[in-house]
Amino acid sequence: MKRRKHLLWLLAAMVVSISFSACKPRGAGSAVTGNAAARTYVPPGQYDEFYNFVSGGFSGQMSVYGLPSGRLFRVIPVFSVDPEKGWGFSEETKPMLETSHGFIPWDDLHHIEASFTDGMPDGKWMFANSNNTPRLARIDLATHRTAEIIEIPNTGGNHCSPFTTENSEYVIAATRFSVPPDGPGGDVPISSYKENFKGHISFVRVDKETGEFDIAFQLKTPGLNFDLSSAGKGKSNGWLFLSCYNSEQAHTLLEVSASQNDKDFILAINWKKAEEYFKAGRGTKQAVRYAHNKYNEETHSATSEIKTEVTVLDVADFEDLAYLIPCPKSPHGTDVNPTGEYIIGSGKLAALIPVFSFDKLQNAIANKDFEAEQYGGIPVVKYESALHGEVEKPGLGPLHTEFDDKGNAYTSFFVSSEIVKWNIEKLEVIDRQPTYYSVGHLMVAGGNSKKPYGKYLVAYNKITKDRFLPTGPELCHAAQLFDISGEKMELLLDFPTIGEPHYAQAVPADLIKDRSVKIYDINANKHPYIAKGESEARVERNGNTVHVYLTTIRSHFTPDNIEGIQLGDEVYFHVTNIEQDWDMPHGFAIKGAGNSELLVMPGETQTLKWVPDRTGIFPMYCTDFCSALHQEMSGYVRVSPK
Ligand code: CUK
Ligand code: CUA
């Protein structure tokens with residue numbers, strides 16, 4: 001009873017504190033030092049130092065900013081359609097948003113993780129999770145487009161994702177909601193949670209050369225809710241650490257019932273061992289259904305395939321795969337420092353930060369220094385025997401921790417709305433700076449790598465009251481840039497973001513900008529409906545299906561007068577942009593065509609499907625201002641009765 005009272009008090013304090021920090025204006029300029037403007041100013045014609053890839057939360061997108069300027073360069077549709085890119089409207093891109101439940105052009109994208117080589121971002125790909133209809137995406141940084149998406153079976157809410165191992169051998173995707181395994185056995189009473197609900201951790205294997213990925217195997221665990229994870233690095237490479245909340249295994253009123261226990265867990269997985277067992281043929285094959293969608297750069301088309309099987313290894317069948325470390329109290333982030341020695345847990349309701357030692361954990365495992373009771377068949381390491389130490393009274397509501405190159409950690413505090421810098425060895429707080437307001441994730445440039453770049457830290461905040469001009473009942477989401485090169489953090493800049501930002505990555509510009517695709521070579525275009533030049537443009541009828549092979553070049557379509565289409569026809573406009581100059585896309589739209597519009601890059605072919613609903617004359621035109629005669633880039637389609 002006492003504990004429950006204490007808990008309710010804490011929850012009430014959180015609510016009060018959130019509304020307090022959100023409503024009390026602190027003055028826009030209060031924390032900004034003199035030459036902040038000069039340090040974020042990137043003069044016209046010059047480039048930013050870093051690309052900043054930021055999750056767009058429930059917008060389903062990822063956006064690309066420059067640092068230190070905070071300038072927005074691009075919004076990349078990942079789990080969304082996007083008219084600005086023509087994404088999700090063309091026949092070629094629609095399969096990217098297929099799932100085993102059908103076409104779902106939305107999701108909730110929380111985390112971005114770079115591809116790594118030897119623990120450093122290599123500038124090739126970004127990985128992104130979706131939290132609703134569980135999916136994992138790979139974004140190609142040469143094209144800045146989504147290249148691949150897989151759905152994750154046996155999973156409800158792929159929140160604990162997409163964290164990668166030191167060389168991106170695997171991307172991890174673990175379920176936030178424990179659920180019964182997929183299949184007909186899933187129809188069980190919710191009250192049977194403890195017997196029937198399970199956690200699953202997917203190991204998604206990434207091809208080092210092409211980046212193509214698929215699920216290699218899954219680990220099944222007792223009904224744990226996985227929130228976030230980090231792979232070991234350096235000395236802890238080969239291990240994986242996942243935070244687990246709701247060790248109570250509650251299934252109703254989680255706000256209270258999942259917050260009873262003083263400690264939940266961090267699950268430590270020896271993934272190299274798991275891989276060995278999988279390769280030795282252990283585990284069982286389970287029938288599932290999951291979509292695997294790929295965009296092919298040669299045909300400029302995506303395919304969607306349903307896969308039907310996954311190999312599952314139950315951690316309870318193995319003695320040396322999984323160990324639980326008690327962690328106070330509803331842990332959210334779990335983050336591994338650059339050397340790989342320290343694992344930092346962030347209990348949302350804890351008044352301290354526990355720092356675990358990888359060496360001590362290994363000793364505890366070797367000496368079987370376990371609690372008397374296992375949890376769901378998994379040994380529980382004694383808290384003290386894995387603990388390096390605790391940071392005392394760091395702030396309220398710790399969420400996430402990132403690292404610099406000098407042995408310091410930076411933790412975001414949602415409730416007390418601040419970022420706290422502390423020394424990992426000494427466990428001492430060095431500096432604290434307020435955020436405006438209620439920071440969620442934070443990111444240090446390279447802060448999850450083996451050698452953080454340091455220099456910049458960005459806070460991604462949940463609330464922006466009084467920081468920006470109001471825009472109705474909703475205010476913009478926003479980020480704040482800090483300079484962390486000195487002893488004290490210095491606030492430099494506020495900038496609005498697209499959607500609610502969660503995790504983000506920063507990669508040095510030089511690793512990406514020179515790899516950027518400029519045009520697609522039209523001679524390498526293997527689209528089945530390409531017209532390589534105006535001489536190949538034509539209209540072909542096949543029963544009720546009409547294929548229009550269209551070309552675009554400044555500033556006309558070929559053909560631009562199309563007749564012979566009849567009511568009841570299914571018309572496919574295959575638009576090939578025969579330009580071979582950088583940044584010379586043409587758009588395509590027709591009056592009343594439900595598929596909306598295309599945007600076709602030089603050398604690319606994209607298809608708009610149209611089933612006319614009436615007879616008449618329908619103007620078509622280019623939607624992207626491409627030349628002085630852009631307005632003239634238009635034509636007519638005639639639809640006649642059958
Ligand atoms: S969660 Cu967003 S503040 Cu979904 Cu990574 Cu912690
Ligand atoms: Cu082509 Cu405007």
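Two strands are said to pair if DSSP finds at least two bridges between them, and the strands themselves, like the helices, are DSSP runs numbered from the N terminus (helices H or I with at least four residues, strands E with at least two). In this sense strand S36 is joined to strand S42 (residues 634-640) by 4 bridges, the two running parallel, and the bridge partner of isoleucine 565 in S42 is valine 639. The structure is a predicted model, in which local features need pLDDT of at least 70 and side-chain atom pairs count only at pLDDT 80 or more, while totals for chains, interfaces and linings use all residues. Residues are numbered from 1 along each chain as its sequence is written, and chains are lettered from A and ligands numbered from 1 in the order in which they are written.

The strands S36 and S42 belong to an open sheet of 5 strands in the order S36-S42-S41-S38-S39, with mixed pairing. Its edges are strand S36 (561-566) and strand S39 (598-600), each of which pairs on one side only. From one strand to the next the twist averages 25°, where axes are lines fitted to C-alpha atoms (for helices over the stretch in contact) and angles run from 0 to 180 degrees between N-to-C directions.

The division of the protein chain into domains comes next. The assignment gives domain 1 (2-206 + 218-515) and domain 2 (522-640), with bounds that come from an automatic or database domain assignment. The C-alpha centres of domain 1 and domain 2 lie 42 Å apart. Their contact takes 11 residues from domain 1 and 15 residues from domain 2, two residues being in contact if their C-beta atoms, placed from the backbone, lie within 7 Å. On the side of domain 1 that touches domain 2, the residues divide into 2 nonpolar, 5 polar and 4 charged; here Ala, Val, Leu, Ile, Met, Phe, Trp, Tyr, Cys and Pro count as nonpolar, Asp, Glu, Lys and Arg as charged, and the others, Gly among them, as polar.

Ligand 1 is surrounded by His110, His111, His159, Leu228, His332, Leu399, His400, Gly440, His441, His502 and Tyr503, a residue being near a molecule or strand if its C-beta atom, placed from the backbone, lies within 6 Å of it. By class this shell has 3 nonpolar, 8 polar and no charged residues. Strand S24 (398-403) and strand S28 (439-444) each supply at least two residues of the shell. S24 also takes part in an open sheet of 4 strands, in the order S24-S25-S26-S27 with antiparallel pairing, and S24 and strand S27 (428-434) are the edge strands of that sheet. Within the sheet, strand S25 (residues 408-413) and strand S26 (residues 418-423) pair in the antiparallel sense over 6 bridges, and tyrosine 410 has lysine 421 in S26 as its bridge partner.

Strand S18 (residues 301-314) has two partners to consider. With strand S17 (residues 284-296) it pairs in the antiparallel sense over 11 bridges, and glutamine 286 stands opposite valine 310 in S18. S17 and S18 form a hairpin with 4 residues between them, and histidine 300 in the turn has a positive phi of about 55°. With strand S13 (residues 213-221), S18 runs parallel and is joined by 3 bridges, leucine 219 having leucine 313 in S18 as its bridge partner.

Methionine 96 lies in the loop between strand S3 (72-77) and strand S4 (98-99). Methionine 96 is buried, because 27 other C-beta atoms lie within 10 Å; a residue counts as buried if 20 or more other C-beta atoms lie within 10 Å of its own, as exposed if 12 or fewer do, and as partly exposed in between, with C-beta atoms placed from the backbone. Leaving aside residues up to four places away in sequence, methionine 96 touches Thr146, Ile149, Asn293, Tyr295 and Ala302. Methionine 96 and threonine 303 are 7.2 Å apart in space, C-alpha to C-alpha, although 207 residues apart in sequence.

Strand S30 (residues 477-483) is largely enclosed by the rest of the structure, because 7 of its 7 residues are buried. In a regular strand the side chains alternate between the two faces of the sheet. His477, Ala479, Leu481 and Asp483 point one way from S30, Ala478, Gln480 and Phe482 point the other way, and all are buried. Strand S29 (residues 456-461) runs antiparallel to S30 and is joined to it by 6 bridges, with asparagine 461 opposite alanine 478. S30 also pairs with strand S31 (residues 490-497) in the antiparallel sense over 7 bridges, and a hairpin joins S30 to S31 through 6 residues.
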